[in-house]
Every structure is written in structure tokens, then in C-alpha cells.
Amino acid sequence: GFLCLVAAACGAESAPSGAAGGAPVTESETGRIVDQPIDIEAFSVDVTEQGSAVFVISGRVPSPCHEAVFGFEEPDDDGVMLGTTESWFDPSCTVDGGATGFSLSMELTDLAVGDYIARLDGTLEERFSIPELTTDSPTQPSSRREPQPGTIDGLVLTSPPLVGEPSGMSAEVTGALRLDEAANCVLMELEGVRYPVVWPAGTRWQEDPPAVILKDGETIEIGMAVYGGGGYLNRQQTAQLAGPAVAEAAARCAGPTGEIAFFNIGTAVDVIADQR
């Protein structure tokens, strides 16, 4: 069987069926063209305290008119879950840009206790385990603990503190620190594109002179370049990880793509160069 683990940048109802041999297919009901290319840059699986598995993928599709989708088959007897990705193209959409970034996630709440291997497109692989919940662990959705939101300190946006073992996206988040005084935003610039940033918890803003202060006390001045693990998320994904207030503040500073640079929760950020 095919698990209900399909998502799209603009929403999707079900997984499409591609033609044999991978030839593009036009759906009669929607007119959209399925079986389109997709470039996966990061794939991760995080297990929550309640025993759910959260699958997260990020990457790029050919244009803003493409929607990314992914899905997994039911696990086999060895716990192997085979997954596939593709994108859908809406021919009624006017293409006004090139490759567009995306980040999608989906939570599975009904996997049995045990060890699993999630294999995406035959090349990307994540191993994870669903633990047996203790008697005092929450088992009903109504008793689940709400995730702690991130914070806003001046112009610095942060994710929540780390709870449990580190886990996150495997993409690189890097660029030079910039200050947009007109928009009142701290941004990260990479190859001429600027992104708002969500930093790890404990990072704070220094007003004069303008700078970002990391949790360990290291100062990142405007123009310095930084590096860390993470990904580039949309507003919805940022809200899921850091709360709606942080997501709203980041989206206000986002560029045309709407992408937000997000360092993995609880990880370190390194200063690598001065690009002033």
C-alpha cells in the first residue's frame, strides 16, 4: 500500500500516477502535468516524544508553477519504506522565474514500534526507530504538549531550545550578514540573494554597533559570513518549527521566493569569513 504521505507547496489531495517509463502525463481532471523533475537537497526523519515520525524534504523544482510532492510505500517486513518524489506542473500558470526552492513535511502517527529505514528515490536514506511509549507518555492528541515557540530579540529571530537529541535538515545554510535598515531586517546574502534568518536559541541582537551575538558569546558583525546546517523553509514550515510570531516576522523580511534561512535547532553556527 501507499502511505498518505503526500504534500505540495500549494497543497495536494492525492498522489498522481505517472506513465510507464516516466513519460509526462496530463491529468484529465485537473489538466496539470505530472511526473515532472525535482531536485532533492535534504531529507530527514525526526521522531517526536509521542512516537510519531516527521518526514522533511527540501530542494528545488523547475519553476514557481511546479508543485513538489513525495510519498512512501508501507514498510516491508524488514522495516524498509521506499519513497518517491516528483513535481506537478500547472499549464495554466505563467512561468515568471526559474528553479524555486521548497520545503515539505508530513507526520506519521501510526507506525508500529520498531526500527525503520526510509529510502527516498533509491539514493537518500534515513534510519530511525519508533520507541515504545512509557506509561506516563502522552498517547492521545489532546494530551500532547504544545511545542515551545522561538523568540524575537530585536532584529534576531530564534528557534526554540533543543529538546532531546539533535536532529534536523542536512542542507548548508551560509552567507554574509546584511542589515536592511529601511525594512529593519537582518538578512543573510548568498550569491546576490538575501534571506531572513532563524538562528538557534540563545542568539541575540546587539543594537550598537549592529551585530548578532551567538549563544557562546561570539559576535557576528555586518558583513561577516557564517555557516551551519539547516535548510531554506517557507513560512508554514517556519511556523511549525519556531511558532507563528517568528514565521510572520521572517516572512515580512523575505524576498520574492519567500524562503527563510533556518539553522537546525540546537546546533552551532560558525563564522567563516569577513565579506565586508
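Is E218 buried, partly exposed or exposed? E218 is partly exposed, with a relative accessible area of 34%, where buried means under 20% relative accessible area, exposed over 50% and partly exposed in between (1.4 Å probe, protein chains only). The model shown in these views is predicted, so that local features need pLDDT of at least 70 and side-chain atom pairs count only at pLDDT 80 or more, while totals for chains, interfaces and linings use all residues. Residues are numbered from 1 along each chain as its sequence is written, and side-chain values use heavy atoms, with hydrogens and water left out.

**View 1**
E218 lies in the loop that links β16 (211-213) to β17 (219-221); helices (H or I, at least four residues) and strands (E, at least two) are DSSP runs, numbered from the N terminus. Leaving aside neighbours within four places in sequence, E218 is in contact with V212, I213 and V271, contact meaning heavy atoms within 4.5 Å. E218 and V269 are 51 residues apart in sequence, and their C-alpha atoms are 9.8 Å apart in space.

**View 2**
Three strands form an open sheet in the order β15-β16-β17, with antiparallel pairing; two strands pair if DSSP finds at least two bridges between them. Because β15 (204-206) and β17 stand at the edges with a single partner strand each, one side of each is left without a neighbour in the sheet. The twist averages 30° from one strand to the next, where axes are lines fitted to C-alpha atoms, for helices over the stretch in contact, and angles run from 0 to 180 degrees between N-to-C directions. β15 and β16 pair over three bridges, and Q206 has A211 in β16 as its bridge partner. In the loop between β15 and β16 lies P209, which is joined to D208 by a cis peptide bond with omega of about -10°.

β12 runs antiparallel to β18 (residues 224-233), to which six bridges join it, and V173 has G228 in β18 as its bridge partner. Five bridges join β12 to β13 (residues 185-190), again in an antiparallel arrangement, with D180 standing opposite C185 in β13. The hairpin of β12 and β13 has four residues between the strands, and N184 in this hairpin takes a positive phi near 60°.

S44 is found in strand β3 and is buried, with a relative accessible area of 6%. Not counting residues up to four places away in sequence, S44 touches V54, F55, V56, E126, G168 and M169.

**View 1. The packing of helix α1 on helix α2.**
Helix α1 (residues 235-242) and helix α2 (residues 244-253) pack at an angle of about 145°, with their axes 7 Å apart. R235, T238, A239 and A242 in α1 meet P244, V246, A247, E248 and A251 in α2. By class, this contact has six nonpolar, one polar and two charged residues, with Ala, Val, Leu, Ile, Met, Phe, Trp, Tyr, Cys and Pro counted as nonpolar, Asp, Glu, Lys and Arg as charged, and the others, Gly among them, as polar.

**View 2. Two aspartates with positive phi.**
Most residues other than glycine have a negative phi. D35, in strand β2 (residues 33-36), has a positive phi near 65° and is partly exposed, with a relative accessible area of 24%. D121, in the loop between β8 and β9, has a positive phi near 55° and counts as partly exposed at 35% relative accessibility.
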